[in-house]
Amino acid sequence: MIFDPICAVATPRGFSALAVIRCSGMNVLERVMPFLKLNKNKIEPWRLYLTEFTVGDELIDELTVVFYKAPRSYTGEDMVEFISHGSPMVLKLIMETLFKAGFREAMPGEFTKRAVMNGKMDLLKAESIEVLINAKTRKAHEAASFIYQGKLGHSIEAIRQLLIKAMAEVEVELNYPGEVEASTEAVYSLLMEVKRLLEELVAHGENGIALTEGIRTVIAGRPNVGKSTLLNALLRKDRAIVTDIPGTTRDTIEEALSIDGTYFRIIDTAGIRKSDNPIEKLGINRSKQEIEQADLVIFMVDLTDPEQDLKLFESIKPRLKRYVLLGNKLDLAKCHEAVELCISANSGESLRDLEKKMLEKTADLSNPYEGELFITERQKALSNRALDYLNETLEALVGGVTMDIISSLLHQTIKILDELTGKHLQEDLLDTIFKNFCVGK
């Protein structure tokens with residue numbers, strides 16, 4: 001593919017010893033040569049050259065430059081990278097010069113997007129790059145590394161090949177009606193193996209999302225039980241407004257927290273109670289939604305008046321994946337036998353015990369399955385869709401549906417897998433995925 005030339009500063013803004021400017025696209029070497037004191041015919045790809053970047057007689061900087069010849073480059077196109085001094089003024093002058101030479105500034109993630117479109121990497125590996133850059137814990141880094149190394153991609157491709165093999169059985173009958181009959185047993189056997197692999201992937205893969213995006217942890221309970229105080233105590237700072245007036249928190253407040261290397265997203269919610277206040281009612285509905293989506297719920301019980309809290313907990317308990325039933329205000333009352341752990345969010349008493357309990361309750365997420373992992377909701381959703389289509393195909397096969405319908409269902413399943421890995425590319429999908437990348441990557 002031929003793309004217009006782009007460039008971007010690939011290192012963080014600000015003063016630094018060194019900075020990197022990355023350029024890619026058609027005729028990049030020809031466009032930068034007028035500013036370098038080098039002979040174009042003597043430049044060899046993948047070698048580092050020390051030179052001066054000049055505009056007319058003005059020296060902008062002494063820097064090093066590398067030329068990457070397509071297709072052996074990050075994007076699969078011709079690329080040039082400058083390593084200059086990290087002065088913001090130097091970078092500004094170089095970039096202005098490049099713009100006048102016909103370059104435009106790269107959009108976020110555009111270099112990686114081009115790498116995908118040029119077949120240098122699949123979409124799974126591209127997504128892992130963003131997670132590697134933004135990893136907040138060692139475990140998040142490890143989860144992204146699994147995909148960067150191609151483990152998920154290889155597993156998806158193995159599943160895809162089994163589907164293609166099943167498709168071949170079906171297509172023989174469709175192409176030679178009356179002469180060849182597809183082996184229903186062979187197709188069924190192949191699809192059951194695909195089902196086993198997809199179910200295993202879906203069952204364990206979402207652990208990677210928890211590691212990279214954080215374990216979604218909701219602090220819930222009635223108003224004035226100490227939810228916001230607990231959030232502040234866990235963060236060791238005042239993040240939420242704390243008063244004695246019930247209903248102070250009207251919306252969710254979200255913060256990140258690392259406990260012994262495990263990444264938690266802590267969400268403080270509005271207190272659950274009956275209310276006629278329309279704004280508070282919106283907050284309460286949001287709280288209920290967060291509770292249902294949470295990986296872990298810390299449900300707080302006011303030890304000075306526990307019965308109402310315990311009754312409310314029993315009503316929502318069936319909807320919880322994991323929970324800690326936490327007694328609070330230990331500085332004002334005794335611990336209650338019905339709760340798992342008692343603390344004082346106000347004084348910080350037994351707070352470390354709560355952190356250990358959080359790790360214990362989410363051990364299945366923070367110590368992931370040693371196999372393929374998802375790192376985005378997109379990967380999880382598409383895998384689930386593929387499994388749904390596969391189950392529909394199996395039901396149709398067992399029900400004696402004609403092979404043309406089976407073929408259509410198999411085609412759709414393969415198409416979903418291709419969307420997952422990027423074999424089936426859509427421009428709007430790529431724009432959505434790469435818009436959150438940093439500029440220069």
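Reader: What length does helix α15 reach from its first C-alpha to its last?
Author: In this predicted model, where residues are numbered from 1 along each chain as its sequence is written, local features need pLDDT of at least 70, side-chain atom pairs count only at pLDDT 80 or more, and totals for chains, interfaces and linings use all residues. Side-chain values use heavy atoms, with hydrogens and water left out. Helices (H or I, at least four residues) and strands (E, at least two) are DSSP runs, numbered from the N terminus, and the expected span of a helix is 1.5 Å times one less than its number of residues. Helix α15 covers residues 403–421, 19 residues, with 27 Å expected at 1.5 Å a residue, and its reach is close to that, at 27 Å.

Reader: How are α4 and α5 oriented relative to each other?
Author: Axes are lines fitted to C-alpha atoms, for helices over the stretch in contact, and angles run from 0 to 180 degrees between N-to-C directions. The axes of α4 (residues 123–134) and α5 (residues 138–148) come within 8 Å and cross at roughly 160°. Angles under 35 degrees count as roughly parallel, over 145 as roughly antiparallel, 65 to 115 as roughly perpendicular and the rest as oblique. α4 is therefore, relative to α5, roughly antiparallel.

Reader: How do the residues of the contact of α4 with α5 divide?
Author: Contact means heavy atoms within 4.5 Å; the residues involved include Leu124, Lys125 and Ser128 of α4 and Ala140, His141 and Tyr148 of α5. Ala, Val, Leu, Ile, Met, Phe, Trp, Tyr, Cys and Pro count as nonpolar, Asp, Glu, Lys and Arg as charged, and the others, Gly among them, as polar. The division is eight nonpolar, three polar and one charged.

Reader: How many residues of α9 are buried?
Author: Buried means under 20% relative accessible area, exposed over 50%, partly exposed in between (1.4 Å probe, protein chains only). The buried residues of α9 pack against elements including β7 (215–220), β10 (296–302) and α12 (351–361). Helix α9 (residues 227–235) is mostly covered, and the buried count is nine of nine.

Reader: What is the relative accessible area of Ala70?
Author: Ala70 lies in the loop between β4 (58–68) and β5 (79–86). Not counting residues up to four places away in sequence, Ala70 touches Gly76, Glu77 and Asp78. Ala70 is partly exposed, at 29%.
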